[in-house]
Amino acid sequence: MPMSLDLAADEFRRLAAEAVRIAAEYLESLPSRPSFPPHLAGRELAAALGEPLPEAGCGVAALDAVARLFDSSRPNSPRFFAYVMGSGEPVAAAGDLLASVLNQNVTSWRSAPAAATIERLVIGWLGEAIGCPGFSGSLTGGGSAANLMALAMARESRAPANTGGAQPAVVYCSAEAHMSIAKAMALLGLGRGNLRSIPVDAQFRMEPAALEEAIREDGSAGRRAIAVIATAGTVNTGALDPLIEIAAIARRHDLWLHVDGAYGALAAIADAERFAGMAQADSITLDPHKWLYQPLDCGCVLYRDPAAARAAFAGTGDYARSLYDGAVEGFEFFEESPELSRRFRALKLWLSLRYHGLGAFREAIVRDLQHAQDLAGMVDAEPALERVAPVELSTVCFRYAGADDDRNRAILRRVIERGRVYLSNATIASRGVSNGDGRFALRACFMNHRTKNEDVTAVVEEVLAAAEETGA
Ligand SMILES: Cc1ncc(COP(=O)(O)O)c(C=O)c1O
């Protein structure tokens with residue numbers, strides 16, 4: 001048989017129909033699937049798939065192994081509450097398929113007129129939805145990439161490095177900031193050592209007075225301060241830094257203000273008041289693949305001034321430059337981003353927002369917030385459990401009371417093995433002072449449009465059952 005990459009006329013239909021059948025059956029089975037595949041499944045899969053690179057293909061039968069792959073994967077279960085993970089909204093998944101079929105390279109309007117238009121439209125929608133209208137931006141692989149881009153803009157705006165190289169400069173964030181901030185410092189040549197870790201209060205929020213003091217200290221020592229990074233939803237406990245106070249301090253000291261809202265910013269759709277101050281930022285990270293439930297990957301960086309993005313990222317070869325002028329036809333993402341080739345991430349988000357409407361997302365976020373309050377209430381009412389952090393957004397951190405870290409770790413492992421709910425863990429300082437010697441906590445984060453009230457109740461049931469099974 002001659003080998004060709006061409007598909008016969010009806011071959012794609014057959015393949016896609018089979019893929020859709022697998023996808024639909026998977027989605028229907030989610031409530032009854034374990035919240036994590038048995039550990040053995042991953043090893044079995046590796047053994048089962050350990051075949052040599054095929055020289056000749058097998059056609060549609062190539063999909064046979066996919067069901068196995070699905071069974072060995074972490075399912076988007078209604079009872080998955082780990083990390084900060086969205087739940088994979090299926091309309092958006094259909095959008096991803098269509099985006100791949102369309103295969104646009106969203107570098108610029110010139111190379112992808114419709115896709116560039118839709119991405120810019122969706123960026124406008126996101127800014128509007130979180131109370132920050134008028135921001136520009138682009139979709140990214142995730143919050144880490146968005147934070148890196150924001151810090152690159154901050155640096156170029158306050159301590160330009162693109163021509164002469166990095167100059168010494170300091171940046172401030174709270175002790176609870178996400179690891180991607182320190183990584184960005186390292187990658188940009190600013191150095192992790194120049195990231196000032198500002199203490200937090202008992203609610204795990206940055207202390208504005210301590211921030212101001214650190215800025216003054218650096219100023220007196222002749223060090224150049226360039227940016228403050230406030231976190232809107234810390235990864236450990238979901239704490240919100242005091243955005244209004246931090247914005248005032250940033251303004252007073254002429255610092256770039258970035259809000260890392262990868263976890264929390266999209267909750268402004270449901271509760272704008274709590275995020276007052278965010279609109280004063282120079283840049284904002286948000287993650288539609290978290291709290292807009294989009295399938296990975298779909299992060300976003302918003303910025304107030306596109307000229308700051310161009311100052312950081314422009315400098316593209318003539319071979320890519322637009323032949324057109326003007327705000328529409330002349331628009332180039334590659335002049336405002338480190339990426340040249342970019343996939344059509346906006347299609348899934350556009351489709352999913354049009355299909356459901358923003359109101360449905362708002363309701364889902366409100367439910368997540370309520371689920372966290374409900375679980376906090378159940379933990380507080382259960383003498384065997386002890387809550388170890390306030391619930392600001394949708395994260396609840398707690399321990400099995402009177403047990404040490406090792407016992408709590410064993411309980412978490414058992415909870416996961418039991419397969420009904422999936423929780424993760426966090427290290428929580430006892431008085432909000434994050435100095436690395438905190439206690440181990442079980443952590444449930446609600447960011448799941450499939451979760452029902454009984455799934456929340458299952459958390460306490462499972463932890464108590466796991467505690468009994470692991471009891472000394
Ligand atoms: C506060 C915060 N910032 C940044 C990130 C990184 O986002 P991503 O995983 O999309 O790179 C996370 C991820 O959980 C986060 O919680």
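This is a predicted model: local features need pLDDT of at least 70, side-chain atom pairs count only at pLDDT 80 or more; totals for chains, interfaces and linings use all residues.

**Helices around α12**

Let's begin with helix α12, which covers residues 346–356. Helix α4, residues 90–102, is one of its partners: the two axes come within 8 Å and cross at roughly 140°. That angle makes α4 oblique to α12, and their crossing is right-handed. On the α4 side, the residues that touch are V91, A92, A94, G95, D96, L98 and A99, and they meet L347, K348, L351, S352, Y355 and H356 of α12. Sort the residues of this α4–α12 contact by class and you get eight nonpolar, three polar and two charged.

Helix α5, residues 113–129, also packs with α12; here the axes come within 9 Å and cross at roughly 55°. So α5 and α12 are oblique to each other as well, but α5 passes α12 in a left-handed crossing. From α5, the contact uses I118, E119, L121, V122, W125 and L126, while α12 brings A346, L349, W350, L353 and R354.

**Around the ligand**

Which residues come nearest to the ligand? There are 15 residues around it, and the nearest are G143, S144, D260, D287 and H289. For S144, D287 and H289, a polar side-chain atom pairs up with an oxygen atom of the ligand, as listed here.

| Side chain | Ligand atom | Distance |
|---|---|---|
| S144, N or O atom | oxygen | 2.7 Å |
| D287, polar atom | oxygen | 2.6 Å |
| H289, N or O atom | oxygen | 2.9 Å |

Most residues other than glycine have a negative phi, and most peptide bonds are trans.

Where does Y83 sit? You'll find Y83 in the loop between α3 (64–71) and α4. Its phi is positive, about 50°, even though Y83 is not a glycine.

The other spot is the peptide bond joining L296 and D297, which is cis, with omega about 0°. D297 belongs to the loop that runs between α10 (288–291) and β7 (299–303).

How values were computed. Residues are numbered from 1 along each chain as its sequence is written. Side-chain values use heavy atoms; hydrogens and water are left out. Axes are lines fitted to C-alpha atoms, for helices over the stretch in contact, and angles run from 0 to 180 degrees between N-to-C directions. Helices (H or I, at least four residues) and strands (E, at least two) are DSSP runs, numbered from the N terminus. Angles under 35 degrees count as roughly parallel, over 145 as roughly antiparallel, 65 to 115 as roughly perpendicular and the rest as oblique. A crossing is left-handed if the near helix is turned anticlockwise from the far one by less than a right angle, and right-handed if clockwise. Contact means heavy atoms within 4.5 Å. Ala, Val, Leu, Ile, Met, Phe, Trp, Tyr, Cys and Pro count as nonpolar, Asp, Glu, Lys and Arg as charged, and the others, Gly among them, as polar. A residue is near a molecule or strand if one of its heavy atoms lies within 4 Å of it. A polar contact is a pair of N or O atoms within 3.5 Å; within protein, one must be able to donate a hydrogen and the other to accept it, and residues adjacent in sequence count only if both atoms are side-chain atoms.
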